[in-house]
Amino acid sequence: MTAAGVYLIRVRENKQTQYIYLGLMVVVILALMCFRLWPIWLKKGIWYISFYLLVFLIATAILRLVLWIFLYHFGLEVWLFPNYFIDSNDPRDSFLPVWSYEVREDSSDFKAIIFRLISGALICYMGYQFTQDEKNMEDLRDLASHGLTDLFEYGQEFMVGGNALGDNSQAANETKTESFTEKYKKELRKDIDDLGLDDEEEEENAESTEEGSDAAPEEGSEDAAAVEEEAETEEVEEEEVSSADMFSEM
């Protein structure tokens with residue numbers, strides 16, 4: 001830009017290069033549309049790359065957040081991959097620089113220090129309460145040992161096996177392990193069934209006590225009727241004996 005005006009420089013690209021890029025785009029789109037026709041080894045390769053890349057990105061995001069929270073309570077501003085969420089055309093820009101370090105401006109502020117102490121104490125207390133429950137620790141160990149495996153097997157079955165994107169071919173004689181979610185649902189269903197059985201037992205006990213109380217008066221009335229019948233039979237027998245004695249005297 002000068003005083004005379006604005007100059008625009010146009011660089012003419014070779015049209016053959018544009019045609020090559022266009023052809024590659026068409027080929028890629030057609031290949032994605034024909035995913036069902038891909039060989040098994042290629043499907044597995046795509047799934048392995050996608051899965052481990054996703055795990056790496058999520059683990060990196062969680063790790064950098066945990067690191068920042070921990071060092072924040074010491075008055076430090078430390079970030080792992082500070083440009084991790086930057087909007088750039090080059091993916092390498094998200095991992096450069098590797099880390100950034102500086103002392104926070106409020107590191108010596110009295111109110112900020114009190115806030116960091118309260119926040120740290122609260123986090124430690126919540127962590128302590130969480131670890132005291134054996135159920136939480138068992139679920140955490142189960143998730144750590146089987147959660148990633150279950151996710152990997154589900155994705156592999158979805159990509160390679162006979163699901164939406166597969167070739168409808170299931171592995172023969174494949175043993176399926178129980179996932180963490182299925183185990184949790186089964187235990188929850190079992191607890192609910194136990195509660196239902198307890199309620200039914202209480203109802204049955206109440207009904208049995210009511211039946212016992214109703215049966216007691218009936219048994220008492222039956223005993224009274226039997227006593228009366230015995231008394232009547234004894235009176236009849238006595239009358240017969242007395243009449244027989246009278247006839248014998250005559």
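In the predicted model, Ile 69 is partly exposed, because its relative accessibility is 32%. This residue belongs to helix α2 and takes part in a nonpolar surface patch that also contains Leu 65, Leu 122, Ile 123, Tyr 125 and Met 126. Together, the six residues present about 570 Å² of accessible area. Two elements, α2 (40-72) and α3 (110-132), each supply two or more residues to this patch, and the largest share, four residues, is that of α3.

Two spans carry the UniProt feature "transmembrane region" in an unreviewed entry, namely residues 20-39 and 51-74. In the model, residues 20-39 are 70% helix and 0% strand, with a separation of 26 Å between the end C-alpha atoms.

A relative accessible area of 49% places Glu 230 in the partly exposed class, since the exposed class requires a value over 50%.

Five salt bridges are present in the structure. One of them joins the side chains of Arg 104 and Glu 77, with an N to O distance of 2.5 Å. Arg 104 is situated in the loop between β2 (99-103) and α3, whereas Glu 77 lies in strand β1 (residues 76-80); the pair therefore ties together parts that are 27 residues apart in sequence. Glu 77 is buried, with a relative accessible area of 15%, while Arg 104 is partly exposed at 21% relative accessibility. These assignments follow because buried means under 20% relative accessible area.

Arg 104 also forms a salt bridge with Asp 106, in which the closest N and O atoms are 3.0 Å apart. Asp 106 is partly exposed, its relative accessible area being 23%. A network of salt bridges links Glu 77, Arg 104, Asp 106 and Arg 116.

A further salt bridge pairs Arg 92 with Asp 90, and the closest N and O atoms are separated by 3.0 Å. Within this pair, Arg 92 is exposed, with a relative accessible area of 59%, whereas Asp 90 is partly exposed, with a value of 25%.

How values were computed:
Residues are numbered from 1 along each chain as its sequence is written. This is a predicted model: local features need pLDDT of at least 70, side-chain atom pairs count only at pLDDT 80 or more; totals for chains, interfaces and linings use all residues. Side-chain values use heavy atoms; hydrogens and water are left out. UniProt positions are given in the numbering used here, feature names are shortened, and annotations may be inferred rather than shown by experiment. Patches are made of residues with over 30% relative accessible area and no salt bridge: like charges are joined within 9 Å, nonpolar side chains (Val, Leu, Ile, Met, Phe, Trp, Tyr) within 5 Å. Accessible areas come from the Shrake-Rupley method with a 1.4 Å probe; for residues, only the protein chains shown count as cover. A salt bridge is a side-chain nitrogen of Lys or Arg within 4 Å of a carboxyl oxygen of Asp or Glu. Buried means under 20% relative accessible area, exposed over 50%, partly exposed in between (1.4 Å probe, protein chains only).
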